[in-house]
Amino acid sequence: MRFSNSFLDEIRDRVNISDVIGRRVTWDRKKSNASKGDYWACCPFHGEKSPSFHCEDRKGRYHCFGCGVSGDHFRFLTDLDGMGFPEAVQQIADMAGVSMPQPDVQAERRERERATLQDVMEMATLFFQDQLQTAAGARARAYLRDRGLTGRTIETFRLGFAPDSRNALKEHLASKGIAKEQMEACGLVVHENVPVSYDRFRDRIMFPILSSREKVIAFGGRAMAADALAKYLNSNETELFHKGNVLYNFARARRATQSSGTVIAVEGYMDVIALYQAGVENAVAPLGTALTESQLDLLWKMSTQPVLCFDGDGAGIRAASRAADLALPHIKPGRSVSFALLPDGKDPDDLVRHEGRAPFDRVLSEAKPLAAMIWSRETSAVTFDTPEKRAELENRLRQIVSVIGDESVRRFYQQDMRDRLNAFFQPQFQRGSGQSGNFRRGDGNNNRNGQRTPPRGTTTGSGSISDRLSQSGLVKGYLGAPALRESVLALTIVNHPQLLLEEYDEIAAIDYENRDLQKLWSQVLTYAAESAAELSREGLVARLEAQGFDVLLKAMNQQVRNARLWTATEQAAPEDAREGYTQSLSLHKRTKALRWQKIDLEREIAEATEAGDGDHMVQLMRALSEVQLEIGRMENQEAIIDGFGVMSGRVKGAAYSHG
């Protein structure tokens, strides 16, 4: 039985390749990263002691760097188990919960017709390419030249020209033996309100649209005439083409993401092409409409956090807002989106054509995470000068976040919005007067994500916050140098990277508050995944310094020296480093949980005070006092652990100088 490509694609997309292979191998816990769908194991096709067999859910492929085997879901089963192809398809279909197609003469006929239609589309593409080089295409060539496109780029994207004729393409295809019904099935000719069909695309620059298998399935046409009814015209829906399920440049960008790690969604064909010419090959575009759920799924197949890039004008902001609402219900651990907004009045094509790639790279580097985009949308250009308006904002944010399907992500979004509200509605006291200012956007200091940094010793809408807590990353927005304990945790691993291999899952999951430390930690994990058995302190430090983290490393080393935290240094014996790290990590988790508990209690105390509930407030104050005492105990306990390594007498290498 012959299976249609659409059926095979469907069951492949429904089943992670790691689920297929995971039945036959044991994943290496240290090298694999399940949250990113990235797995390593000892190859089942040849004997080996260290894992060189790799599979990646995003690509749906496996490859062994030892023996060179590679393939997809079906190839794995046919090659390893000796199954026939139909049997392998049956097994994957069962895992996908999809019924096998019954032998269908009509379906097989349609599949043959699809192949024939693709042949017709290829003929049309060649025709348009040829027309661009004729005298009739001179104006189109001049337009493309004025837009800065080189001949190589035009050839790469197979751009063409549809002449200003009602029958030019129709007559060309007819001369090749193509029936009128096939032209109509491809959307190349139409017959609206007239008995005789005519060319759909006329006097337009033509952009071939390719499938994931790089077959031409549709066209986009840019009108040359200024008075054309539609500036851009796409093919109509056909057997080959469903606009909401396709991204322009998908196949080429998917290959590029293997090295770039992410994909960028821009708004138009010319943006994609101009970026490609500037060296940004991982860009795609929806086809003239707002992003759809199917297109968002395609982006997530390429990257766990695609960047959605929009023009900085009003229309671009509205499109970004719609995309945020579209993505929010579907995010989960290891799957989100970020937003890059261009300067007002600019699109990617304008930016790279007139100013080069560097300004576009800066825009990407400043991309906002989804949570920051939601917050910015709901609070920009609005005053919240009454309790009712502030309550309205809180209710709106609660409703927006409630659509997130994943429970754990929803919980963290709720916490994130609560933190932003607490900081945003921090009263600003005039110095020396004791008078509070208005609650209004723009009062106080804003951090890069739109969160305000509370002044020390003031009160939030959820009650008083101590000086120590107001300076912590939980409230402050992760600004400034790393906290001492975070420096200890990160520096211990840098100096003793073998600890990371021993307890990779737990250590890799540490959530640092300091943003610079988050970036450093990402490089540490990447190096560990790539190096595995060859992991060394020297290699890791060299990598971090090459990435520009030398200043941060020096600062953390100085913190550790000043605090005499000997177990975090390179000179500590492995046993001491391991013991000190384990205890510091335990304290870190406990203290962080206590600080969140303290913030919640302070908020509840403020609410009880407003409600006049004295008894409940007394209970809450007692609980808050206990939490504060416990935080103090954790800090005192840290001082005891600090001396552990020195007292042990075990020193690796030269003696450590505390000076």
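Helices and strands are DSSP runs, numbered from the N terminus. The model described here is predicted.

**Two residues with positive phi**

Most residues other than glycine have a negative phi. D203 is not a glycine, yet its phi is positive, at about 55°. D203 sits in the loop between β7 (198-199) and β8 (204-210). The residue is buried, with a relative accessible area of 11%.

R158, another residue other than glycine, also has a positive phi, near 55°. R158 belongs to the loop between α7 (151-156) and β5 (160-162). The relative accessible area of R158 is 22%, and R158 is partly exposed.

**A buried lysine**

K170 is part of helix α8 (residues 168-175). Which side chain of opposite charge is nearest to K170? It is that of D199, 7.1 Å away. K170 is buried and has no salt bridge; such a bridge would need a side-chain nitrogen of Lys or Arg within 4 Å of a carboxyl oxygen of Asp or Glu. The side chain of K170 does reach the backbone oxygen of S197, at 2.9 Å. Not counting residues up to four places away in sequence, K170 touches M183, V189, V196, S197 and D199.

How many disulfides does the structure hold? The number is 0.

| Cysteine | Nearest cysteine sulfur | Distance |
|---|---|---|
| C64 | that of C43 | 3.6 Å |
| C67 | that of C64 | 3.7 Å |

C64 is buried, with a relative accessible area of 0%, whereas C67 is partly exposed, with a relative accessible area of 36%.

**Nonpolar cores**

The largest nonpolar core has 57 residues. Within this core, L188, F219, Y248 and F360 touch the most other members. Helix α5 (residues 105-132) supplies the largest share of the core, 7 residues.

What does F360 contact, leaving aside its neighbours within four places in sequence? The residues in contact with F360 are I264, L275, V280, C309, L342, P348, L351 and V352. Another core, of 41 residues, lies apart from the largest one. Among the residues of this other core are M302, I400, M417 and L421.

Terms used. Residues are numbered from 1 along each chain as its sequence is written. This is a predicted model: local features need pLDDT of at least 70, side-chain atom pairs count only at pLDDT 80 or more; totals for chains, interfaces and linings use all residues. Side-chain values use heavy atoms; hydrogens and water are left out. A disulfide is a pair of cysteine sulfur atoms within 2.5 Å. Buried means under 20% relative accessible area, exposed over 50%, partly exposed in between (1.4 Å probe, protein chains only). A nonpolar core is a set of buried Ala, Val, Leu, Ile, Met, Phe, Trp, Tyr and Cys residues joined through side-chain atoms within 4.5 Å. Helices (H or I, at least four residues) and strands (E, at least two) are DSSP runs, numbered from the N terminus. Contact means heavy atoms within 4.5 Å. Lys and Arg count as positive and Asp and Glu as negative; His and the chain ends are not counted. A polar contact is a pair of N or O atoms within 3.5 Å; within protein, one must be able to donate a hydrogen and the other to accept it, and residues adjacent in sequence count only if both atoms are side-chain atoms.
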